Amino acid sequence: MNFRFIIYISFIWLLMCFASSCKTVKRAVSFGERQDLSLSELVDSVKDRSVVFDELYLKRVFVDIKTDERSLAGRANILIKKDSVIIISVIPIMGIELYRIKLDKEGVHILDRLNKKYLFGTYDRAGSIFLLDLGYNEIESVLVNNIFLAGGIDFYELGNRGRLSNGDSLFHYSFTGKSVSRGTSFFQRIEIQPLTYRPVMTIVNFPDLNIDFKVEYSDFSKYGDYIFPRSIKAFGRRSTDIFKLELSYSTVEFNSGNSVKFSIPANYVRETL
């Protein structure tokens with residue numbers, strides 16, 4: 001597993017952790033009992049409770065990443081402007097910014113402070129590297145703990161496709177489909193809380209590509225009118241390459257006017273991913 005692969009896959013999984021809330025006292029959440037719903041009723045309930053915001057700022061996000069070859073630990077600050085841009089400042093334990101990453105509709109932009117490089121890659125390019133179809137809209141949905149489907153498929157436009165099980169205290173939704181851009185088959189299962197209608201686990205399998213990943217959300221708390229997980233554990237496998245991720249965040253601000261800039265220094269070498 002080369003270093004660039006580790007850095008890029010690390011930031012992709014870093015994106016899958018974050019949620020949002022007002023800057024208020026956190027309160028533990030009781031999810032209540034599950035009531036039987038049809039698939040269309042569940043989709044409507046999930047959509048009604050999706051996060052509404054213009055700007056979201058996540059501060060002091062702590063992350064620990066382990067792969068077959070190395071471990072990475074540090075913290076990050078993240079600014080999300082809805083339907084526009086996501087900027088991530090990656091800061092190791094020693095406190096000096098190592099990377100600044102921008103995601104927008106065009107693709108992924110990375111400032112490598114250590115090597116004085118600017119790297120750019122489209123989402124198609126990222127998909128060709130990791131054999132996954134993650135675009136801006138999917139990543140933003142993951143950041144706010146909303147449900148997403150792999151392959152660019154819109155969960156809210158599914159109609160009656162997929163299968164819903166009301167077997168225990170959670171809703172279990174499963175879906176088999178094909179990537180919109182690649183035509184690659186995948187299977188996905190999502191576990192959803194009752195009452196809050198937030199996902200607690202997502203499992204995706206691409207059998208033809210020998211790729212699996214699982215994300216588990218935990219430690220849900222209420223911040224004002226919003227309910228979000230404060231921690232995440234992720235496990236990913238691509239052929240023989242394996243990685244694990246554990247992370248948490250401490251402070252989230254809505255529409256606070258914070259600004260994180262992304263500008264390319266004139267002396268940085270420009271490269272493509």
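Below, two colleagues talk through a predicted model.

Colleague: Happy to look at this with you; what secondary structure does the protein have?
Modeller: First, the ground rules: this is a predicted model in which local features need pLDDT of at least 70 and side-chain atom pairs count only at pLDDT 80 or more, while totals for chains, interfaces and linings use all residues. Residues are numbered from 1 along each chain as its sequence is written, and side-chain values use heavy atoms, with hydrogens and water left out. Helices (H or I, at least four residues) and strands (E, at least two) are DSSP runs, numbered from the N terminus. On that basis the protein comes to 4 helices and 15 strands.

Colleague: Which percentage of the residues counts as buried?
Modeller: Buried means under 20% relative accessible area, exposed over 50%, and partly exposed in between (1.4 Å probe, protein chains only). Of the 273 residues of the protein, the buried share is 52%.

Colleague: Nice; which strands do the buried residues of α2 pack against?
Modeller: In helix α2 (residues 39-48), the buried residues are L39, L42, V43, S45 and V46. They cover an arc of only 165° around the axis, taken from the directions from the helix axis to the C-beta atoms, so they sit on the same side of α2. An α-helix has 3.6 residues a turn, so residues three or four places apart point the same way. Counting contacts as heavy atoms within 4.5 Å, the buried residues of α2 pack against β8 (163-165), β9 (171-178) and β10 (185-192).

Colleague: And helix α4: which of its residues are buried?
Modeller: Helix α4 spans residues 136-143 and is mostly covered, with 6 of its 8 residues buried. Just after α4, N145 takes a positive phi of about 60°. The buried residues of α4 are Y136, E138, I139, E140, V142 and L143.

Colleague: Let's turn to β13 and β14; which residue in their hairpin takes a positive phi?
Modeller: Two strands pair if DSSP finds at least two bridges between them; strand β13 (residues 226-238) and strand β14 (residues 241-254) pair in the antiparallel sense over 8 bridges. Within this pairing, A234 stands opposite L245 in β14. The hairpin has 2 residues between the strands, and the residue with a positive phi, near 60°, is S239.

Colleague: Is T202 buried or exposed?
Modeller: T202 belongs to strand β11 (residues 199-206). Leaving aside residues up to four places away in sequence, T202 touches F148, Q188, R189, I190, F213, K214 and V215. With a relative accessible area of 5%, T202 is buried.

Colleague: How many residues apart in sequence are the parts tied together by R230 and D219?
Modeller: The side chains of R230 and D219 meet in a salt bridge (3.3 Å, N to O). R230 lies in strand β13 and D219 in strand β12 (residues 211-223), so the pair ties together parts whose separation in sequence is 11 residues.

Technical notes:
Salt bridge = Lys/Arg side-chain N within 4 Å of Asp/Glu carboxyl O.
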